[in-house]
There are 2 protein chains.
Amino acid sequence: MSDAPIAIFDSGVGGLTVAAAIAKRLPNERLVYLGDTARLPYGTKSAETVTRYAVQATRALMRFEPKMIVIACNTASAVALPVLTAAYGSTPVVGVVEPGARAAVAASRGGTIAVIATEGTVRGGAYVRAIHALKPDAKVVQRACPLFVALAEEGWTDGPVPELAAEKYLKDIFASADSPDTLVLGCTHFPILVGPIAKAVGANVTLVDSAATTAREVETILDDRNLRRTGPNQKPTFLGTDAPERFARAGSLFLGSQIAPDQVELIDLAP
Amino acid sequence: MSDAPIAIFDSGVGGLTVAAAIAKRLPNERLVYLGDTARLPYGTKSAETVTRYAVQATRALMRFEPKMIVIACNTASAVALPVLTAAYGSTPVVGVVEPGARAAVAASRGGTIAVIATEGTVRGGAYVRAIHALKPDAKVVQRACPLFVALAEEGWTDGPVPELAAEKYLKDIFASADSPDTLVLGCTHFPILVGPIAKAVGANVTLVDSAATTAREVETILDDRNLRRTGPNQKPTFLGTDAPERFARAGSLFLGSQIAPDQVELIDLAP
């Protein structure tokens, strides 16, 4: 069982930032990554639709008999985690929202925390609930930043366009005297825009990205269940629902290492 | 039969710029508009996937027994028009690419034409083929501008962010001595960004948007077949595959008039 892979899924390639953090922390683990690229983005879709897609993605990953499922997508974590936990109870299911909330609460000195995410994550309020569950008197400010997704996918991660976009989205939140001291990057696309975001919010704000804390959570669960793999390193398996070339090209940016188009298996998630 | 509606579909709400042009030119016509908002964008998806989606959308629209089908999406027009024409031959099917190409050829004095569109439309090369069919010696330059879609949907249609994005995408194409004198806005989202785009390319370039020319084509076909409706004006019918509130909010921007969320019927296009 410890030799079984860790299955990771996301609406697209953004979740590869989470896969990269897991691979870095747990280099012996086998990873299977599914990006539902035909149906991205999830962030603008309704909770019902995202939940249905998440169930289909998880079902497709079960053929690899994984020892754990990681929802490397904030929107899907925010809405589908309870359903997936109920459906696949014997396999641990980890989302990125709780680890991100935990890191934010640990980082915040003043107790005012800002969360930037997709429209779907903001509307669902999962970060607000997760932060309040840990620290009921925390003040949480949310903002949807959908353009960051497009900028990240286009690879425009520095220069005036992302800097001005970050300023437009964030300036007013961080302008007041009691402004947040911590900013949660509540979308797996956002870590690669960390430069422009940091510039817009200023040096006194701690940026929290859930990739690293999710990797730590994965490690803890494996250790608790004695499921760490010790075999030699293996290349990850990549699955996409559309356009392998685009998956490889955009995905390489998020993974931080090169993916070849022929490494991406095209699968169909139709019900 | 002349009382039957004109059915229009797009991946989302961008095609409402085409619907608005048809409504303006043909105010007596009944319009049924379907936006496949659950599966947008089409522009990053493969030709096979887009064709499958276009067939499903057209099938859903056939229950309104339309007298004409308008593909108000450049990506779908570029890849799915032949399949739809073959499948629904008795009902005329109109795309936006040919009308846009015709307008561009008519507007260009020097014969060098630039086309900006989504990745899917550019990769498919439909505009290049359509322009060369009309003017074999035309020189066509293409560029994919995916960020424009996100900017249009976010409503950031003026100010420094879209202006700098337009400059980044377009400056080099229009910098040389023999640069294009005509620019085709080959995506239904782009007309609302006409301000920043015009500023980036300069006053000597004619911008062509296929909404108006597609509306003229629709009129010509109705006249040829004696299918013009003469009854009193009726409100359009809006169908979406996800999130009616978002459809109404973003759609109002593209239609140029207010849509209420309860005017949008939620339908399922699953096969």
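The exercises below, each with a worked solution, concern a predicted model.

**Exercise 1. The sheet of chain A**

Task: Work out in what order the six strands of the open sheet of chain A are arranged, and which strands lie at its edges.

Solution: Start with the order, which reads S4-S3-S1-S2-S9-S10 in chain A. The pairing in this sheet is parallel. Next, look for strands that pair on one side only: these are strand S4 (93-94) and strand S10 (264-266) of chain A, the edge strands. Then take one pair inside the order. Strand S1 (residues 6-10) and strand S3 (residues 68-71) of chain A run parallel and are joined by four bridges. For Ile8(A), the bridge partner in S3(A) is Val70(A).

**Exercise 2. Two domains in chain A**

Task: Find the bounds of the domains of chain A, then describe the side of domain 1 that touches domain 2.

Solution: Domain 1 of chain A consists of 6-95 + 212-266, and domain 2 of 97-210. Their C-alpha centres are 22 Å apart. Now count the contact: domain 1 of chain A gives 27 residues and domain 2 of chain A gives 25 residues. On the domain 1 side, at least two residues each come from H1, helix H2 (47-61), helix H3 (74-87), helix H10 (210-224) and helix H11 (244-255) of chain A. H3(A) has the largest share of that side, with five residues. Sorted by class, the side of domain 1 of chain A that touches domain 2 of chain A holds 13 nonpolar, eleven polar and three charged residues.

**Exercise 3. Backbone details**

Solution: Pro41(A) belongs to the loop between S2 and H2 of chain A. In chain B, the bond from Leu40(B) to Pro41(B) is cis, with omega near -5°, and Pro41(B) is in the loop between strand S2 (31-35) and helix H2 (47-61) of chain B. Asn226(A) sits in the loop between H10 and strand S9 (237-240) of chain A.

**Exercise 4. The two chains**

Task: Determine how chain B is related to chain A and through which surface the copies meet.

Solution: Superposing chain B on chain A takes a rotation of 180° with 0.0 Å of shift along its axis, at an RMSD of 0.0 Å. The two copies are therefore related as by a two-fold rotation axis. Then turn to the contact, with 21 residues from chain B and 21 residues from chain A. Helix H7 (146-154) and helix H8 (160-170) of chain B each supply at least two residues of the chain B side. That side divides into twelve nonpolar, three polar and six charged residues. Finally, 100% of the interface residues of chain B are also interface residues in chain A, so the copies meet through the same surface.

Note on methods:
Residues numbered from 1 in each chain as written. Chains lettered and ligands numbered in written order. Predicted model: local features only at pLDDT ≥ 70, side-chain atom pairs only at ≥ 80, totals over all residues. Contact = placed C-beta atoms within 7 Å. Nonpolar A, V, L, I, M, F, W, Y, C, P; charged D, E, K, R; others polar. Pairing = 2+ DSSP bridges. Least-squares fit on C-alpha atoms with pLDDT ≥ 70 in both. Domains from an automatic or database assignment.
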